[in-house]
Amino acid sequence: MYTNAHLPDDSWRDVKMSRGYLWCSFTTAILLGIVMWVWVVVDLSATRQRDLDTAVQKGAIITQILEWHMLAITQKMDARLSEFVFRFQRDIAAGRNREGIQASLNRNQILYPEVRGFQVTDTQGTPIFADGSLAIPIDPDSADFFQKLRDDPEAGMVISQPLLSRVTDEWLILYGRRLEDAQGRFIGVAALAVRSRFFEASALSLQLARGETIALAGPGQKLVLHLPRLPEDMATPLGKTAFVTALAADALEGSFFQKDAWDGTKRLFYFQNTQDSGMPFIIMFGQEERQILLGWRQRLAIYVVLCSAVSLILALLIRSWYLTYRRVEHQAEYLSRQVEDKDREWRALLDSFPDPAWLVDLEGRYLAVNETFCTRLELKREEVIGYTVAQLFSEEEVRALAQGWQATLEKKRPTAQVVWFNLQGKGRVPVEIRRVPVFDEKGAVRALAGVARNLSADYETKSRQYLLAQLFENNHEGLLIINGEEKITVANRAFAEAIGYDQEEILGRYPGHFRAPRHDPAFIDEISRLLRTQGRWNGEIWLQHKNGREIPMECRILPLVDQMEQRCWIVFMSNLTERKLSESHIDALANVDTLTGLPNRGSFMHMLARRLESGGAVGAALTLDLNQLSRVNDAYGHLAGDYLLRRVGKRMRRLLRGQDVLGRLGDDQFGILLDEVDARSVEIVIRKILNMVARPIVVEGETVTCTASIGVCLIPADGQDAKTILRNADAAMHDARTLGPGNYRFFSPEMNTRLTDRLRRENDLRNAARRGELRLYYQPQVNITQNRIIGCEALLRWVHPEKGLVPPLNFIPLAEETGLILPIGKWVLEEACRQNKAWQEAGLPPITVAVNLSAIQFQDQELTNNVVRALERSGLEARWLELEITESVLMQEPEQVVRTLENLKALGVRLSIDDFGTGYSSLAYLKRFPIDKIKIDRSFIQDLGANNDDAVIVRMVLGMVRELRLQAIAEGVEDQEQLAFLMSCQCPEYQGYLCSKPLPSEEFRALLEQAQGHPPRH
């Protein structure tokens, strides 16, 4: 056996070191034990206080939520009662309209499911109306709420103590309003009955935890609701409790520990008095003390085990610490999950509010918001929670909010404030903000809860009232308001000016004071009698002006009810002096065309109908259209056109017989009714009319020759009534216009068919662009020497949903005739430019796109602007756009054409003449036009091999083009022989099926990509 002396030096040193470690470990353990005991005591005390604070805060939130729900129910009941009293208390006082009153009560079962019954009682509390489900007699001597409504005219809505229904054996709460007659005397009570069990819906949604209770006391501190339910004791006074003592001291809310009077369990109660919200209720929320301190008790047990383990062994203590830590960690996670579950429940409650609601701390940082709040701000919830008011609203709005916030903190009670917000970019909106302070256990405000309500509708109502007042005062009609004493209380400016008095002189007088002497007093008395019996009066009345003259007035008197529900009258006065003078003049002009003095369209139709009714049904109806009127208006002005119409009308009137009728149907159309004539006689008359119209007329010093188109409808063969006859004559006249000026046509049924078909095609074409039925096809233009595609012509196509591809000749003339070519042509310009730019952006070589302009487009003053907009919207450079104009357009008004072409040329676009050689070419004018290209018409290309004249014309045109230093392109090239001829004549470009037929945009793009500048030869 070895002693320490026998140990090597190294071993001895190890032993001493181990002893030092042991002493250090012991000392550390003692210190850790002391520290642990101190920490345990402090931690247990803080934990207990925190659990109690959390319970109080939860009670405050639960009672506040219940208060909001009850306030919503109370406001809903009050709105229903107010509406019923406003509509029916006069009928109840007069004993009338029982069916309407009963029907209004019966609708409650559908509109207000929370209402158990709706009744009307008389002054003794006896039900005189009920909705069929419940009728509760009320003892006026014992019912406090009935006495208050009976004795206090200003009581408003009053809520009763809980009442037991003997019919349904259930506790009810009555919401009542006072009923008065016209003199303000008490005649009964209108009351809504709500089951006390109905209030359970709001409480049950909170999903009470174990040991939690909710109680609701009504007027007189009588129990209305208790959850969990009690088998009895409903409507009994609460007795002496700590919070009843607090209520006596005017406390609105508070918390206390007390044994529950109903089950003997000790609970922490939080109560809320709702009298500031206009409701006589007390809300209580109780939490069992054992459940509140459950976590604390568990923590205490853990610490006892931990401290006991310290006295055993340090190693076990360390392990015990570790295990305790893990248990605490699990407990914290469990509590965290519980808090999250409660948070989700409270969030669901907040989201149930239709208006924005929130909770902020004293730094203005949002702690909770509902979904409506986020929706109004167009933000997500995580973009609001944790952010401050200053981060979400403008500086002006933050300043306004801060004022209301400070007022709530100073008053420590709910406040209301109106702030103007700019919500969702819709302009400034008035919003009412109601704030409620949230207190800690010491009574200090720790947070603010708020709800916002949009006041736009209220402001709009006030605005409408202001506008109505302005309308009343500034109305050109005289307006009066007469009260129940038949005295004038309001008179507008128009009435005062009409009778020569100041407005102040009129007020307070009887209307009969201003009657003219031609009316005796009995006349005014009769009006008063009729107003009392029939409720209104209309008629003419004569008033005496202040200067003595009499004024005829049209008078209308209607009943009104003012804000005090007093019946009064509104009187409308219109001065008839000028109207009576103008009626005769208007009647004379109603049937006459003011320009020609002839019967107008209505009068002509009336005379035709009258002649048919009288039996004069053999003859003919003609419609005549002057073809040159629009040109005369454009050349010399509308006064010259009016002169032309008058001269033609006078000539035709002299030509016709006395029994024939001539009228002007509108614009440049006349109607003629020939009596007792056959078809042969009608033709003779028509020729005379056409010859007469064709005679020259001197207008503005110039001789003008007119032509006309005439449609004929024979009577009765082609129609039995005036409307049909005139419509058929119009159809024949339209058909005659297609034959050219100076023609006439007799009606046939096929004309209506053609006209209907034309109208259908016009309607389809009008909607084609909107429905996306219009397409652009593109035909290549090829450089002959380089065999390369250098451009294309945009050709319009119509893909009809039923008829398929419609040929251009079947709709382009119709578009030009109806004027639809203008919007369609504008679309073609923009689409062609857009597509060409798209090809360039896709990497294809730049080419020129050619767009045809019709004569109507060329005459449009917006043509240049349309081209500019098409280029700007597409981003296409002007040099890649070519506009094609037919030479017939160039010859119409050369001076105007030159100006238009120069404006277009200044934009940088290219100009070409289409179908050259087919019109009325004038080389003298041609050299003046800023033209870039001549297109040789396909009619000269098709027969080049067989017709020597066409070859001569093509060579001549090409030679002229070279001399004028223009470009040329041949259209309609379909075979190699035609191409070879053009190459021999040094024609630079061609277009036709030899290269490709017109293709949709995608196929044309594929052609460009395939050719890469070298189109295939066929």
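Reader: Buried means under 20% relative accessible area, exposed over 50% and partly exposed in between, with a 1.4 Å probe and protein chains only. What is the relative accessible area of E882?

Author: E882 comes out at 1%, so it is buried. This is a predicted model, where local features need pLDDT of at least 70 and side-chain atom pairs count only at pLDDT 80 or more, while totals for chains, interfaces and linings use all residues. Residues are numbered from 1 along each chain as its sequence is written, and side-chain values use heavy atoms, with hydrogens and water left out.

Reader: Which strand holds E882?

Author: E882 is in β33, residues 881-886. Strands (E, at least two residues) and helices (H or I, at least four) are DSSP runs, numbered from the N terminus.

Reader: What does its side chain make a polar contact with?

Author: The side chain of K933, at 3.3 Å. A polar contact is a pair of N or O atoms within 3.5 Å; within protein, one must be able to donate a hydrogen and the other to accept it, and residues adjacent in sequence count only if both atoms are side-chain atoms.

Reader: Leaving aside neighbours within four places in sequence, what else is E882 in contact with?

Author: Besides K933, the list has T848, V849, A850, V851, R910 and S912. Contact means heavy atoms within 4.5 Å.

Reader: Changing topic. Is β15 enclosed or open, and why?

Author: Strand β15 (residues 428-439) has 10 of its 12 residues buried, so the rest of the structure largely encloses it.

Reader: What does β15 pair with?

Author: Strand β14 (residues 415-422) pairs with β15 in the antiparallel sense over eight bridges, with Q417 bridged to I433. Strand β16 (residues 445-454) also runs antiparallel to β15, joined by nine bridges; there F439 stands opposite V445. Two strands pair if DSSP finds at least two bridges between them.

Reader: And the hairpin of β15 and β16: which residue takes a positive phi?

Author: G443, with phi near 85 degrees; five residues lie between the strands.

Reader: What order do the strands of the open five-stranded sheet take?

Author: The order is β23-β24-β22-β27-β28, with mixed pairing. The edges are β23 (661-666) and β28 (744-746), each pairing on one side only. From one strand to the next the twist averages 20 degrees. Angles run from 0 to 180 degrees between N-to-C directions; axes are lines fitted to C-alpha atoms, for helices over the stretch in contact.
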